[in-house]
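Work through the following exercises with the sequence and the structure side by side. Each task is followed by a solution that goes step by step.

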Amino acid sequence: MRWGLLILLLALGAGAARAETPADFEAQFAAEARQNDPSYAGASAARGQQLFGTTHGGDWSCSSCHGKDPTAVGEHVVTGKRIEPLAPAANPQRFTRPAKVEKWFKRNCNDVLKRPCTAQEKGDVLAFLMTFAAKGTR
Amino acid sequence: MSRRMRAIGACAAAIAASFADGAGAESKRAPLPPQYVDECGSCHVAYPARMLDAASWQAVLAGLDQHFEVDASLDPETLAALRVYLEGNARQKPTSAAGEPLLRITETRWFRGEHDEVPKRLRQGPEAVRPADCTACHRTAEEGSFSERNLRLPKRGEIR
């Protein structure tokens, strides 16, 4: 019984350690980008906005499903499924779970760019998403 | 016949009835597994396992990196967990055509049979419903419930 409690507490602790904030991801992408290119000068929301709204020669852009306004609810372009807002200010669950962030960047970059995104691109998109304030505070 | 025997008989009859329409072991009222909804219900309705047979689900899971031209790849642990649910609750009657497992629910014989009374205006033209969007008519589809009681066809001119 006592061991069970200990294991439970350890599991909870491990779970808490994995919960992150958008700022943690910004730092992580910047560190990776700097590793790839020592002259990396930091994320750019303008580049991120450009990447987000461009089809890159394919059929879709990020905004095809996430919408032009990342603080608004999106709609999947094929299925019509409701997609919760992507900007952390409008949806506090975004950019809090590494496995989820990794999974969706992998999938969606393949869908839109036909290749994985670089750390710099991920950082730029996140910087763009972080420029939005919560609704009503703008 | 003892009371216990009668109870067993009733259970057997109920189980037999639940299989009679070819649906899987999963009750139509059972909630969908949260992990399945989380992983497969982000881009479309989390289609209940009973809509395709095990061979069809195997084929779907084998091609998730190119899932209807979208990358829906999963890590191996998640994939294994979803496989247990989908194949364990799959449709008993085959969902294949010419010996090949069908991947699209809308192409299965049962689906086409169930939807043959859908008015033409909802099938083609400006008011056509997207085939993947069950919720256009089945208002409780997100919860895995497709009962006719919760069915409501979009009215003429209703913009979705």
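**Exercise 1.** In this predicted model, find which residues of H2(A) meet which residues of H6(A), and work out how the two helices are oriented to each other.

*Solution.* Begin with the contacts: from H2(A) come A:Pro22, A:Phe25, A:Glu26, A:Phe29, A:Ala30, A:Glu32, A:Ala33 and A:Asn36, and they meet A:Ala119, A:Gln120, A:Lys122, A:Gly123 and A:Leu126 of H6(A). Next take the geometry: helix H2 (residues 22-36) and helix H6 (residues 119-129) of chain A have axes 8 Å apart and pack at an angle of about 150 degrees. Angles over 145 degrees count as roughly antiparallel, and H2(A) and H6(A) are therefore roughly antiparallel to each other. Finally, the crossing in which H2(A) passes H6(A) is left-handed.

**Exercise 2.** Determine which elements of chain A give two or more residues to the largest nonpolar core, and which of them gives the largest share.

*Solution.* The core has 20 residues, and those with the most contacts inside it are A:Phe25, A:Phe29, A:Phe52, A:Val125, A:Leu126, A:Phe128 and A:Leu129. Two or more residues come from each of H2, helix H3 (45-53), H5 and H6 of chain A, and the largest share, six residues, belongs to H6(A). To follow one member, look at A:Val125, which touches A:Gly48, A:Leu51 and A:Phe52 when residues up to four places away in sequence are not counted. Apart from this core lies another, of 17 residues, including B:Tyr36, B:Val45, B:Ala54 and B:Trp57.

**Exercise 3.** Decide how H3(B) and H4(B) are oriented to each other, and name the residues through which they meet.

*Solution.* The axes of helix H3 (residues 54-62) and helix H4 (residues 76-88) of chain B come within 9 Å and cross at roughly 160 degrees, and the two helices are therefore roughly antiparallel to each other. In this case the crossing is right-handed. On H3(B) the contact is made by B:Ala54, B:Trp57, B:Gln58 and B:Leu61, which meet B:Leu79, B:Arg83, B:Leu86 and B:Glu87 on H4(B); these residues divide into five nonpolar, one polar and two charged.

**Exercise 4.** Is A:Ala90 buried or partly exposed?

*Solution.* First locate A:Ala90, which lies in the loop between strand S2 (82-83) and helix H5 (98-113) of chain A. A residue needs 20 or more neighbours within 10 Å to be buried, so A:Ala90, with 19 C-beta neighbours inside 10 Å, counts as partly exposed.

Key:
Residues are numbered from 1 along each chain as its sequence is written. Chains are lettered from A and ligands numbered from 1 in the order in which they are written. This is a predicted model: local features need pLDDT of at least 70, side-chain atom pairs count only at pLDDT 80 or more; totals for chains, interfaces and linings use all residues. Axes are lines fitted to C-alpha atoms, for helices over the stretch in contact, and angles run from 0 to 180 degrees between N-to-C directions. Helices (H or I, at least four residues) and strands (E, at least two) are DSSP runs, numbered from the N terminus. Angles under 35 degrees count as roughly parallel, over 145 as roughly antiparallel, 65 to 115 as roughly perpendicular and the rest as oblique. A crossing is left-handed if the near helix is turned anticlockwise from the far one by less than a right angle, and right-handed if clockwise. Two residues are in contact if their C-beta atoms, placed from the backbone, lie within 7 Å. Ala, Val, Leu, Ile, Met, Phe, Trp, Tyr, Cys and Pro count as nonpolar, Asp, Glu, Lys and Arg as charged, and the others, Gly among them, as polar. A residue is buried if 20 or more other C-beta atoms lie within 10 Å of its own, exposed if 12 or fewer, and partly exposed in between; C-beta atoms are placed from the backbone. A nonpolar core is a set of buried Ala, Val, Leu, Ile, Met, Phe, Trp, Tyr and Cys residues joined through C-beta atoms within 7 Å.
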